[in-house]
Amino acid sequence: MTEIQTWTLVFVVLTFGLYIYIAYASRVKDTAGFYVAGGGIPAPANGAAIAADWMSAASFISMAGIIAFAGNGYGGSVYLMGWTGGYVLLALLLAPYLRKFGKYTIPDFVGDRYSESARLIAVVSAVVVSFVYVAGQMAGVGLVFTRFLGVSTTVGVIIGMAIVFFYAVLGGMKGITWTQVAQYTVLIVAYLIPAFAVSAKVTGIAVPQIGFGSILEELNGLQNDLGLGEYTAAFGTTNMLNMVLITASLMFGTAGLPHVIVRFYTAKSVRAARFSALWALFFISLLYTTAPSVAAFSKLQIIKDVEGTALSDMPGWFNTWADVGLITQAPPEPGAVGAPISELPANTVVGFSDIFVNNDIIVLASPEIGGLPAPIVGLVAAGGLAAALSTASGLLLVISSSFANDIYYKKINPQATEARQLLVGRIAMAGAIVVAGYLGINPPGFVAQVVALAFGLACASFFPVLVLGIFWKNCTAAGATAGMAVGLLTTMAYMLWTIDIYGNSEGIFGIAETGFGAVGMLINFAVTIVVSKFTTKPSPVMQELVEEIRFPGRTQLVAKHAEGEV
């Protein structure tokens, strides 16, 4: 076992042991604790848990790689703008009002606000979005274990499944929340320490947000010399239409993510939900303002290490990642798989354009690329696992609650006892973990691409009916049902038609599959509004309730609704 593997194992054992202990200490015996942690999580802790839920394997592992290798840094910035902007949108437009409405899940809100038919469509949408999203997380788990512990992707995913099974099934939302507080601490420390160290080493400035500005001119020059265009140039590889649509898809999809929205039900009050959003935005900004510097530092060093170098003289980090198949020969065409580096003679001199570096390795490899010691490399591996597992657990709870609460309890057995509901929820969670593991072993793309597809599906299905359900009292059940169904099916069909692994079509007007969610959202809005104009309006009581949840102090009807009296 190498020194890096030893340190990785140390950090993995320590952090996994901590997660299991927290889950055991937080185990629950009722549905309120299982689904929303009893609604008693303090705002700072809830903010950290939201941030951990939010900053998935895509944020930790893959985002910096996309910024670095999406042609240039400008093209990759859609992820920064979309994901952070979406959180502001969620905090301002949806979270406080959904918390005041008082339901456990998005399908619960949709079913109560609209109809049982709308609830069923919402359940299907929530499960589809969550399974697509969780595939990216489990793929990230497999990636970390493959590289740092030398096990296969399958074995790595199974280990991750076992850990999530223990703390998610045992503790439900309460266990997941306090585990995510610990996971946020691990992932942010693991992300910031190497970023600060590399910045100090490369630029002499310890703060990466400041230091990376000093290397951009050199990076622009290197990319120009290689014929890649300037790193900071606008629309180098992503045209304006896709920049707008991908940013919008990620932004509005963020505001419709079931596993993030349910977090606001764990707050003690509507006021606490708002402060949770404030704390979460602060915790999120620590990573999101650092990612561009990690991308720039890593790409600069990779170009310097690789360009004009014989394979026999490559640095150790290059050979390590080439051995696990994440650095290959440049593929013959986009979407194809490049041949292994090992097929080339050792004396072959290669350039940066002759190789393909997987987006998912940039953060995990950055300590090695920067020449940092083995303990830091092991810490980063533990951080990547924390990011993936924290989001996976939240998504699996959404899937579990959709089946146990919205289908079993609401539709099949309304007389079910608390104990029976918990049992069904835990069985659903176990089944979801098995499916998630399969998707992690066979993902439909790299981590951030898979996650971006989930955001597009959430954008096209949930955002319109949530916004209209809160701000337009005349939005009808038939309108919401039709809008969700058309938005989800249209977006899924387009993604299957265009994504490389399935269709590889150029699509309509060259719109990327990761940006079509915004188009699906507009279709959803149009269908919902038009159908609502010609169908039966909600009851007078529901219209009054919709008005009341938006105004502080007018809580009498809301209180009765929360108690099930209306």
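Reader: Which residues form a nonpolar patch on the surface?
Author: This is a predicted model, in which local features need pLDDT of at least 70, side-chain atom pairs count only at pLDDT 80 or more, and totals for chains, interfaces and linings use all residues. Residues are numbered from 1 along each chain as its sequence is written, and side-chain values use heavy atoms, leaving out hydrogens and water. A patch is made of residues with over 30% relative accessible area and no salt bridge, with like charges joined within 9 Å and nonpolar side chains (Val, Leu, Ile, Met, Phe, Trp, Tyr) within 5 Å; areas come from the Shrake-Rupley method with a 1.4 Å probe, and for residues only the protein chains shown count as cover. With about 310 Å² of accessible area together, the patch consists of Phe-196, Ile-205, Val-207 and Ile-210.

Reader: Is Ile-210 buried or exposed?
Author: Ile-210 sits in helix 9 (residues 208–211); helices (H or I, at least four residues) and strands (E, at least two) are DSSP runs, numbered from the N terminus. Buried means under 20% relative accessible area, exposed over 50%, and partly exposed in between (1.4 Å probe, protein chains only). Because its relative accessible area is 55%, Ile-210 is exposed.

Reader: How many salt bridges does a search of the whole structure find?
Author: A salt bridge is a side-chain nitrogen of Lys or Arg within 4 Å of a carboxyl oxygen of Asp or Glu. One of them pairs Glu-547 with Arg-550, with the closest N and O atoms 3.2 Å apart. The search finds 5.

Reader: Which residues do salt bridges that share partners join into one network?
Author: Asp-108 bridges to Arg-119, with 2.9 Å between the closest N and O atoms. This pair links distant parts of the chain, from helix 6 (residues 106–113) to helix 7 (residues 116–149). Arg-119 also meets Glu-116 in a salt bridge (2.9 Å, N to O), and Glu-116 is partly exposed because its relative accessibility is 33%. The network joins Asp-108, Glu-116 and Arg-119.

Reader: Why does Arg-119 count as buried?
Author: Arg-119 lies in helix 7 with Glu-116, 3 residues apart, about one turn of the helix. Arg-119 counts as buried because its relative accessibility is 5%.

Reader: Which residues does Thr-247 touch, not counting residues up to four places away in sequence?
Author: Thr-247 belongs to helix 11 (residues 240–254) and is buried, at a relative accessible area of 12%. Its C-alpha atom is 5.1 Å from that of Val-78, 169 residues apart along the chain. Counting contacts as heavy atoms within 4.5 Å, Thr-247 touches Val-78, Met-81, Gly-82 and Asn-242.
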